Amino acid sequence: MAFIRKRRLERELYSKERFSLLLLNLEEYYFEQHTANHIKNKGCRDERKFRGSLKICSKSIIFEPDDNIQPIIKIPLRDCISIKAPEDNEAKNPFTRDTSGGISVVCNQVFLIKERNIIAPYKTVRGRTEHLFQLDVSGKLGDVVQTLHQLYRASCLDKMGDQAAMITAILQSRLARTSFDKNRFQSISETLHMECKAEMVTPLVTNPGHVCVTDANLYFQPLNGYPKPVVQITLQNVRRIYKRRHGLMPLGLEVFCTENDLCSDIYLKFYNYQDRDELYFLIATYIENHITEHTAESYMLQWQRGHISNYQYLLHLNNLADRSCNDLSQYPVFPWIIADYSSSVLDLTKPETFRDLSKPIGALNKERLDRLLTRYQEMPEPKFMYGSHYSSPGYVLFYLVRVAPEYMLCLQNGKFDHADRTFNSLAETWKNCLDGATDFKELIPEFYENDSSFLVNSLKLDLGKRQGGKMVDDVELPPWASGPDDFLLKSREALESQYVSEHLHEWIDIIFGCKQKGSEAVAAHNVFHPLTYEGGVDLNSAITGIAVTCNGSSVFTTSQDSTLKMFSKESKAIQRSVSFSNMALSSCLILPGDTTVISSSWDNHIYFYSIAFGRQQDILMGHDDAVSKICWRDGRLYSASWDSTVKVWHCAPGETLSSKKHHFELLAELEHEVSVNTINLNAANTTLVSGTKEGTISVWDVTTATALHQLPCHSGTVFDVAFSPDSRHLLSTGEDCCFKVIDVQTGMVISSVTTDEPQRCFKWDGNTILSGSQSGELLIWDLLGGKVTERLKGHTGAVMSMWMNEQCNSVITGGEDKQIIFWKLQY
């Protein structure tokens, strides 16, 4: 198992060092390290010094103590309040006594990692703390502090794009000031052919440095010297070389020194395709006399003639399709083969033992497929059958968490997944892939190799306790497997069986061939969300949220083109347009006093915009996936997210290096099984209701952060939900074309009204409903009679959002057609 073998080798090579690039945030760089002491309780009787290494990264400061008992300390730069070095004129400077080379970092949040050298979720310490770091080489103090101030300024920029641009500029400046150290050549007789800048790619992280090609070797020298000063590959050993897409850009190059291994010897990402192509040409020219280039057709002929196995053929197809174990977003994909996880004996002579390889996972269950096709037929363009993909970084690490826990912690901001969502059982996982509303994942190559360690919790990780009270441990195997090794042996036998050999080409057509896109994909029920295809679609400007100032003079809207717009209600003219990120904004609200607008975004962030000053005030980076809806009540912010949580925040002003910003305190986290699409609160702000993408309505006691009811009300996404004015009832609507009325106290559904088409949003006074439909009409409903009393022609696409004043006579709607419409209602 190449991925596991490579990770195990890395652990052996660098076992003395607890730090790894996986401790960084996604898209963060590690720049430099300095030997230093971390001083605790300076000047007190219990003052202590811990020797270690201070790492300067693009978004954080990390201190790794030499003592493995002590935790690694990670300080996000965006959470810093001050970063200071000693100055002669500071009378009360804490560094004036025997602390030459000292840096004081004051922050309001730190993460503690790998305490006692145990891999576990990060511990978060909130509140103002000071950390003193004393460098061994005091002469470097000024440069280090200057670098930290520069990186801090980047972390405080309003737009994520501006942050990335400034960090990239800092990185490129460092690369420009350095070059490859020619003393690292294996021989003084080597001739240099090319040198350029690039990044070495490993799962979830990249490491910048310099690439060098000579007449004998390929070299990569990391800018930071980590994990070793130079990576060297002898060109004579190269067996395969592939151009890759990285981040959907033609900038990658992967080099293999083996013929059939899954993982490469090096994966490089270049800053322009010219450098990538030149290096490819140099290596390809060198090895062309040694190696015969293989194409998909040549591999197919070998497979058809029985010269290579089904496993080897799938491995080669994954390589040719730009899939690599160094890129979890394009990790090699293998099919589910076995469909029997309950029998005591696995009979590979029976066709019913096997999964139908002519269909994608989403089409294996006819009942589920019928529901998905009904939704597909009613869906406006661009249509899709499956909202999630068959392969993603989260799915790969779902399977590999027991052998790659640090990757899961990196992907999920220092947390493991919920225990009941962890890979617990083969039978459960297969059943969920057949029945789950949003689960269409395939398998990974590790299921057909010979290393079963990913099925065993040999690291004794604390992965949590399931609802029944059982701790998550080894993966539960089917009865026909006597153990993990036997399970893999039988899985390999199934993959190479006669039945699979006769039908594997059908699955290949779906994943790699003619049924990926177009009319054949539609016919094969193989259409995924447009954003999962390269090229995808441009997000349009569908209006996703509406907020109006208390005096009614200004209207704010959010849209899928990532802009917050301000309109004059009187003139209907646009007055401002602000872009916060490169991704869609999902909702907005105005704080009391009409001074601040808050917007939620698909980039996982919540943005605070000052109306008076016309600029962004603050960013709350509160979730691990898109933020779908926000509410504000009594000084508390409630945020729902596709990361399966609803979070409750308290906001308070705080001091930073340069300006006044909010301090956010997480008060509660309401865990769900799947993505949360919408939320609302009752009038007393004591009860919250949430609606998920799988149709579940959950009622929560906000004061205790406990679930009162969890009801599977809808057979698809819950679009909108609200309490009645007296808070005794709930109304919800979903993509299953139903309104549901729920008794809050008992959790019983007391009424259900079927609609002709999905109703995307609504307002409700307890009796009458005003709803916005998929087709763009506004409908007025008599809820007791279960019928429409009036239809109002409105938008040319779905009504996506709706605002109504307290008097219930003024309404504003926003549509998929990018329009907002002002309405006056008369009852």
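**View 1. The buried residues of helix α8 are Y395, V396, L397, F398, Y399 and L400.** Buried here means under 20% relative accessible area, exposed means over 50%, and partly exposed lies in between (1.4 Å probe, protein chains only). Helix α8 spans residues 393-400 and is mostly covered, with 6 of its 8 residues buried. Helices (H or I, at least four residues) and strands (E, at least two) are DSSP runs, numbered from the N terminus. Before moving on, please note that this is a predicted model, in which local features need pLDDT of at least 70 and side-chain atom pairs count only at pLDDT 80 or more, while totals for chains, interfaces and linings use all residues. Residues are numbered from 1 along each chain as its sequence is written, and side-chain values use heavy atoms, with hydrogens and water left out.

View 2. The score is pLDDT, the predictor's confidence in each residue, from 0 to 100. Its average over the protein is 87, and 91% of the residues score at least 70. Where pLDDT is low, the predicted coordinates should not be read in detail.

**View 3. The largest nonpolar core has 95 residues.** A nonpolar core is a set of buried Ala, Val, Leu, Ile, Met, Phe, Trp, Tyr and Cys residues joined through side-chain atoms within 4.5 Å. The residues with the most contacts inside this core are W336, I337, L426, F447, F487 and W507. Helix α12 (residues 498-511) gives the most to this core, with 6 residues. To explore around L426, leave aside its neighbours within four places in sequence: its contacts are W336, Y341, F447, L455, V475, E476, L477, P478 and F487. A second, separate core of 30 residues includes I73, L77, V110 and I170.

**View 4. Strands β35, β36, β37 and β38 form an open sheet in that order, with antiparallel pairing.** Two strands pair if DSSP finds at least two bridges between them. Because β35 (759-764) and β38 (787-792) stand at the edges with a single partner strand each, one side of each is left without a neighbour in the sheet. Neighbouring strands of this sheet are turned by 25° against each other on average, direction ignored; the axes behind such angles are lines fitted to C-alpha atoms, for helices over the stretch in contact, and angles run from 0 to 180 degrees between N-to-C directions. Inside the sheet, β36 (residues 768-773) meets β37 (residues 778-782) over 5 antiparallel bridges. One place to look is L770, whose bridge partner in β37 is I780.

**View 5. Another open sheet of 4 strands runs in the order β15-β16-β17-β18, again with antiparallel pairing.** Its edge strands, β15 (543-548) and β18 (574-579), each pair on one side only. The twist averages 20° from one strand to the next. Antiparallel pairing of β15 with β16 (residues 554-559) covers 5 bridges, and A547 has F556 of β16 as its bridge partner.

**View 6. Strands β29 and β30 form a hairpin with 4 residues between them.** β29 (residues 696-701) and β30 (residues 706-712) pair in the antiparallel sense over 6 bridges. W700 is bridged to A707 in β30. In the turn, A705 has a positive phi of about 55°.

**View 7. Several loop residues deserve a visit, starting with S644 between β24 (636-641) and β25 (645-655).** S644 counts as buried because its relative accessibility is 7%. Apart from neighbours within four places in sequence, S644 is in contact with R421, L670, E671, H672, E673, V674, S675 and V676. In the loop between β10 (217-222) and β11 (231-234) sits P227, joined to Y226 by a cis peptide bond with omega of about 0°. R116, in the loop between β6 (102-113) and β7 (123-135), has a positive phi near 60° and is exposed, with a relative accessible area of 55%. K460, in the loop between α10 (426-435) and α11, has a positive phi near 55° and is exposed at 66%.

Notes:
Contact means heavy atoms within 4.5 Å.
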